[in-house]
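Look at the strands first, then the helices, then the contact.

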Amino acid sequence: MAEESASAEASQQSAATGSEILHVPKAVFIEDVAAFLEGRTADEAIKELNANYQNYKLIEQELQQSRLRLVAKIPEIQKALAAVEMLINKQQEGQEVVLDFGLSEQIFAKAKVKDVSSVGLWLGADVMLEYPLEEAKQLLTTNLNNAKENLKTNSKEVDIMKDFSTTTEVSIARIYNFDVTRKRTSKEGKGGG
Amino acid sequence: MSGSIQKGNGGPDVAFEDQENINSFNKLFTRSSEIEAEIKVKKTLVDDLEDASNELMLADEEEVRYVVGECFYHAAPDEAEENIQKAADEAKESLTSLEAELESTKAQMAELKKVLYGKFGNSINLD
């Protein structure tokens with residue numbers, strides 16, 4: 001009934017390491033385009049920045065995917081938590097609960113539930129472990145908080161990647177524009193002389 | 001893609017401060033669409049809960065089925081109403097805070113637009 005989706009361990013790891021896990025060169029703002037192009041052509045510089053840009057976008061996509069996983073996971077944990085809390089309430093009140101539970105997609109059967117003191121939590125990897133109700137509630141609450149925390153970390157990482165890719169994008173446009181202006185000026189210079 | 005410097009247009013060069021503004025704008029832009037999506041979901045939830053509450057009042061049953069997890073449990077209408085009310089209050093609260101966040105995000109975006117369009121005019125695209 002109450003299940004806890006897998007991969008909790010995996011997502012905890014990403015929270016621990018924070019933004020340092022983004023093993024990419026930082027996108028540096030170009031103060032002076034002319035100085036930046038010293039010793040190389042605009043095309044070469046753009047090519048290099050483009051490669052960085054692709055990299056940033058790729059990482060951003062991966063982060064967005066883990067974001068989607070987290071976003072889907074949170075309501076699942078909340079659902080499990082609500083079920084455990086219901087059982088705890090009923091147990092405290094000493095009431096019997098009548099449940100309609102799904103036998104298959106369209107078939108529901110009736111069950112009387114009384115004096116339930118534990119639930120099996122699905123830990124993933126085909127493992128289910130029985131927990132006393134209070135412990136199950138605690139575990140699920142911790143997992144819920146972790147998932148929310150991970151979502152925050154993920155948002156920060158996405159923001160960093162966005163900054164990098166936007167900066168790089170602007171840099172490319174600036175180098176391109178600088179090059180066009182330079183070529184035009186030198187042409188005009190030759191025409192005039 | 002929002003907030004990009006157009007290629008091939010002259011315009012003043014980008015200072016570090018401008019770059020930071022462009023970056024901020026871009027993030028706000030993404031965040032605002034995220035909030036809008038969240039608001040939509042929450043609104044539906046608030047409406048659904050309201051419908052449920054109304055139906056419950058009209059139903060006049062001794063016992064109703066209340067969804068919990070993947071099951072339905074048989075609850076007294078009072079208990080169901082209490083649960084629905086609690087869920088509705090939570091949903092409304094988060095809807096209010098999301099709406100406030102959206103408003104402040106939009107205000108910041110408008111401010112940045114003013115600054116950036118003021119400096120770069122047509123050579124920047126912020127939509």
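## Strands that pair

Strand E1 (residues 97–104) of chain A is joined to E2(A) by seven bridges, and the two run antiparallel. Strands are DSSP runs of E, at least two residues, and helices are runs of H or I, at least four; both are numbered from the N terminus. Two strands pair if DSSP finds at least two bridges between them. A:Leu99 stands opposite A:Ala111 in E2(A).

E1(A) also reaches the other chain: two bridges join E1(A) to E3(B), again antiparallel. There, A:Asp100 has B:Phe72 as its bridge partner.

This is a predicted model: local features need pLDDT of at least 70, side-chain atom pairs count only at pLDDT 80 or more, and totals for chains, interfaces and linings use all residues. Residues are numbered from 1 along each chain as its sequence is written, while chains are lettered from A and ligands numbered from 1 in the order in which they are written.

Four strands form an open antiparallel sheet, in the order E2(A)-E1(A)-E3(B)-E2(B). Strand E2 (107–113) of chain A and strand E2 (64–68) of chain B stand at the edges with a single partner strand each, so one side of each has no neighbour in the sheet.

## A helix in chain A

Just after H3(A), A:Gly94 takes a positive phi of about 65 degrees.
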